[in-house]
Amino acid sequence: MSLNNQISFFNSLALKKEKFIPNDENNIKIYACGPTIYKSPHIGNFRSFVVFDVLFRFLSSKYPKVTYVRNITDIDDKIIHEAKVRNIAYSDLTAEVYENFKSDSVKLNILNPTYEPRATDYIKNMIRDIEKLVENGFAYVKDNHVIFDTTKYDKYRDFCKNMCSESGSRIALTDLKKHENDFVLWKPSSDVFWDSPWGNGRPGWHIECTSMSKEILGFPFDIHCGGQDLIFPHHTNERAQGWGLCNKECATYWMHNHFVNIDNNKMSKSANNQFDLAFLTKNYDPMAIRIFLLMSHYRHPLNWSESGLKEASNIYAKWKKNLFDVIPLDKENALYKRDLDNVNDSNTDAQNKLYDSFSDNEASAIDASGQGSSDGSKGNDDNKLNSDNEDGIEILDSVSDALSDDLNTPLAIKKISEAIKIGHNMQNILKSCAILGITFVNKENSNDQNGNVSSLDLDLINSLVQKREIARKNKDYNKSDEIRDELTKIGIKLEDTKDGVKWYEG
RNA sequence: GGCCGAGUGGCAGAAUGGUUUAUGCAGAGGAUUGCAAAUCCUUUUAUGUCGGUUCGAUUCCGGUCUCGGCCUCCA
């Protein structure tokens, strides 16, 4: 590969970029905080999932195995509250929201993590861990609550660089807590509860992630990631719990993404200024949304804007057009199937070979669909396939280098744009796109009630195109324009080039 | 109050210690076209502010201003 292939990430704990040295090169372990499923995630939540999906894909392209855990928080105050408001069982609510989350993830081409544990499946682990924390002197019991004693961990405030101030906190000390930063490990609950040594109750939020990551990955795992707002208190507390349990750091590197803002204010469920995917996909291709989310560096704020989405749409349309020209992709092809396999089946070995499978399938999809082109475009494609490396720049390497430098996705996108413009090796471009999780198969087609390529009769299109050509040759422009309108209606665009007529979906 | 981050052209938004300041949209001119679309070519406008380091800073450092985030659930 390239000379500059050293990977480094910004470690929020050290507040600086650090060389990435895995604990075990043969199995990279990542834990990401997943969604709390009381409400469909909005585009801001998805920024996190998309960014760390790229991390997963990228490391999978570099190391033989990556174990990626992203949990589902399916028990928490807000879930119970929301279920009450809607007057449905809390398990029905979580089932519904989870389903939406998964289908949105498929749209955005977010891979299933290797493991996707649910908090409620790990209650026993949590109780065991809480007992251990009490035993180790890191927690105390009061009024059927178990509280973590933050003063027992002397590095507690290191993490957030005094983000949690010693004085001036806005929460009042309660009778339960001895110290202001102390937090709940277990609390009584009457609605949804589990039996425990401290009575019927349920776990606090922070212990959920600790117990699941400890059980599945073990400490220390390599990278713990999530949104910036989780640094305090969530990750600060996880780190403290990990120390209290094992006397070691739970994670080596911590990565946090910045937010999606609206009018320069944070998008959040509580501020009710959110956009969810269902809303956005009415007007934009999910892949354009994915590009939009990756067009900014993950540690910078991303301001949501129509113009930004439009730009991303343009980029995607341009890539698609340049790469596929007039080649229609239908849902029967191999790439589509493989994509769905990867997304739907979380426990196959396929993920460990994700990078290879993506590259192979993207490549074979191109080869297979080459015949779909009408006259004149073939020579062009051959050119693209053969013009590798003319100026010594390997697209795959430059994308890899960009991502090696603290996951610089905007630079990677720029490199791909350049490579497409120059006409670099097409298969390498597609591999690069696959690392960013950008695919050129529209998964929405199957639900699209308007016409689309996958449901269209290719013979019909070709015959209409031919009829129009005859009309044009006879200078019957009224008729030729009619046919063009007809094709536009079913979603086919035409281009009259000197090499003949080209058509594509769009 | 403590801590963190951001400030780039008409707009969006990257990159970088130094001859050509990405990219997209918008604007202007041109090529091509039956028309359209697309494409191509040419072209205008920028690094909040004040200092410092340097041969040279938009890039590094410090001050300052403005905006945002966390300190309460939050990706």
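**Chain A and RNA strand B: a working chat**

Modeller: Chain A has 17 helices and 15 strands. Those are DSSP runs, numbered from the N terminus: helices are H or I with at least four residues, strands are E with at least two. This is a predicted model, where local features need pLDDT of at least 70, side-chain atom pairs count only at pLDDT 80 or more, and totals for chains, interfaces and linings use all residues. Residues are numbered from 1 along each chain as its sequence is written, chains are lettered from A and ligands numbered from 1 in the order written, and side-chain values use heavy atoms, without hydrogens and water.

Colleague: How much of chain A is buried?

Modeller: Buried residues are 53% of the 506. Buried means under 20% relative accessible area, exposed over 50%, partly exposed in between, with a 1.4 Å probe and protein chains only.

Colleague: OK, the RNA. Which residues come nearest to RNA strand B?

Modeller: Lys78, Trp205, Gly227, Leu230 and Met267, out of the 53 residues around RNA strand B. A residue is near a strand if one of its heavy atoms lies within 4 Å of it. Of the RNA strand B atoms within 4 Å of the protein, sugar and phosphate account for 57%.

Colleague: Which part of RNA strand B does aspartate 481 approach?

Modeller: A base nitrogen, 3.0 Å from a polar side-chain atom of aspartate 481. Asparagine 257 also has a side-chain N or O atom 3.4 Å from a base nitrogen. For asparagine 408, a polar side-chain atom lies 3.5 Å from a phosphate oxygen.

Colleague: Which element gives the most residues to that surface?

Modeller: H9, with six residues. Other elements giving two or more include helix H1 (43-62) and helix H17 (477-489).

Colleague: New topic. Why does threonine 36 count as buried?

Modeller: Because its relative accessibility is 16%. Threonine 36 sits in the loop between strand E3 (28-32) and H1.

Colleague: What is threonine 36 in contact with?

Modeller: Thr73, Asp76, Ile79 and Lys269, leaving aside neighbours within four places in sequence. Contact means heavy atoms within 4.5 Å.

Colleague: And how do E1 and E2 run, parallel or antiparallel?

Modeller: Antiparallel, with four bridges joining E1 (residues 8-11) to E2 (residues 16-19). Strands pair if DSSP finds at least two bridges between them. Phenylalanine 10 stands opposite lysine 17.

Notes: Polar contact = N/O pair within 3.5 Å; in protein donor to acceptor, adjacent residues only side chain to side chain.
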